[in-house]
Amino acid sequence: MARAQGARAQMALAFESVYGTAPATGFRTVPFASTSLGSEQPLLASELLGQGRDPVAPIKDALTADGDVVVPIDVENFGLWLKGTFGAPTTTGTTPKTHTFQSGTWTLPSMAIEVAMPEVPRYAMYTGCMVDQLSWQMSRSGLLTATARLIAQGEAIDTVTAAGTPTTLALQRFGHFNGAVKRNGAALGNVVSAEVTYANRLDRIETIRNDGKIEGADPGMAALTGKIEVRFADSTLVTQAVDGTPCELEFAWSLGANASFTFTAHAVYLPRPRIEIPGPQGIQASFEWQAAKATSPARMCTATLVNTVTGY
């Protein structure tokens, strides 16, 4: 009897033209490190009296379909998750192509994602998937990944795939070694680590339906937050925090002229940090920043992916 193993699991993704309806074609295989995407339906214990000491059977509660997908930040596949987070990009250039994703879009696309365990076989199709949050961390070493938090409408289980024959984009990963942080266009030194979280703050539309699914998920007020940990070498960031003025922070990775990813927060506000001396070691300062809509450009953030993909 075959047993499911994560090493054999597969994931395919396609964007929907109708929310909650998986397309017949257009699926792409996507690399992933782990996923908790799934559907659950709890049981409600009976509150009825007069039936003896032993309770009567529980009843089913509403369905919930959501979860996280941990994916590599790479040259081509990561564009699919950026599209889910920000909407379709503006693509320019010939070779390479420059895909520009912008915050502030009112309408976000939905995706159909199939998670396959072929040895069982079990093919779970999640429709109406929307990106609620996308986050990642920067450090000196380790594997560079991002976590996409998804809200789905529902789950359908089958023993055969419904994704057809998916196409595959090339896998060329960025590493922490390829990363850099800039402040107002100049390299920001002494950065030990950084975190970035963009949230769409989706609002589940939980209407009454006979299938238990949600009606949809509407984007709320977006939020862009993060954290930078720096060795305390000068007062530049502390002075900005005290003055209450914004700066532009740029997080970038590059593998050459034809392969790069740049994420720019255009108006970042820093809190005034507590500077502690924990011992004889080097002193560090932590800034849990928040971003807002800038005056120019009139948006909160921009993500730019350079590769050879025709479009997303």
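These legends walk through several close-up views of a predicted model.

Residues are numbered from 1 along each chain as its sequence is written. Because this is a predicted model, local features need pLDDT of at least 70 and side-chain atom pairs count only at pLDDT 80 or more, while totals for chains, interfaces and linings use all residues; side-chain values use heavy atoms, with hydrogens and water left out.

**View 1. Strand E15 pairs with strand E21 and with strand E16.**
Helices (H or I, at least four residues) and strands (E, at least two) are DSSP runs, numbered from the N terminus. Two strands pair if DSSP finds at least two bridges between them. Here E15 (residues 179–183) and E21 (residues 247–254) are antiparallel and share 5 bridges; look for Gly 179, whose bridge partner in E21 is Trp 253. With E16 (residues 186–187), E15 forms 2 bridges, again in the antiparallel sense, and Arg 183 sits opposite Ala 186. The hairpin of E15 and E16 has 2 residues between the strands. One to look for in this loop is Asn 184, with a positive phi near 50 degrees in a residue other than glycine. Most residues other than glycine have a negative phi, and most peptide bonds are trans. Asn 184 is partly exposed because its relative accessible area is 46%; buried means under 20% relative accessible area, exposed over 50%, and partly exposed in between (1.4 Å probe, protein chains only).

**View 2. Strand E7 pairs with strands E3, E4 and E12.**
E7 covers residues 64–72 and pairs in the antiparallel sense with E3 (residues 34–35) over 2 bridges. Thr 35 faces Val 69 of E7 in this pairing. E4 (residues 38–40) is also antiparallel to E7, over 3 bridges, with Glu 40 opposite Thr 64. Turn next to E12 (residues 145–152), which is joined to E7 by 8 bridges and runs antiparallel to E7. In that pairing, Ala 65 has Ala 152 as its bridge partner. In a regular strand the side chains alternate between the two faces of the sheet.

**View 3. Helix H1 is mostly covered.**
Just after the helix comes Gly 87, with a positive phi of about 100 degrees.

**View 4. Glu 114 is buried and has no salt bridge.**
Glu 114 belongs to strand E10 (residues 111–117). The nearest side chain of opposite charge, that of Arg 122, is 10 Å away; Lys and Arg count as positive and Asp and Glu as negative, with His and the chain ends not counted. A salt bridge needs a side-chain nitrogen of Lys or Arg within 4 Å of a carboxyl oxygen of Asp or Glu. What Glu 114 does have is a polar contact of 2.7 Å with the side chain of Thr 161, and its side chain also reaches the backbone nitrogen of Ala 162 at 2.8 Å. (A polar contact is a pair of N or O atoms within 3.5 Å; within protein, one must be able to donate a hydrogen and the other to accept it, and residues adjacent in sequence count only if both atoms are side-chain atoms.) Leaving aside neighbours within four places in sequence, the residues in contact (heavy atoms within 4.5 Å) with Glu 114 include Gln 10, Met 11, Tyr 123 and Met 125.

**View 5. Phe 232 lies in the loop between strand E20 and helix H2.**
E20 covers residues 223–231 and H2 covers 236–243. Phe 232 is partly exposed because its relative accessible area is 36%. Not counting residues up to four places away in sequence, Phe 232 touches Val 238, Ile 275, Ile 283, Gln 284 and Ala 285. The C-alpha atoms of Phe 232 and Ala 285 are separated by 5.9 Å, although these residues are 53 apart along the chain.

Pro 297 is found in the loop linking E23 (284–291) and E24 (301–307).
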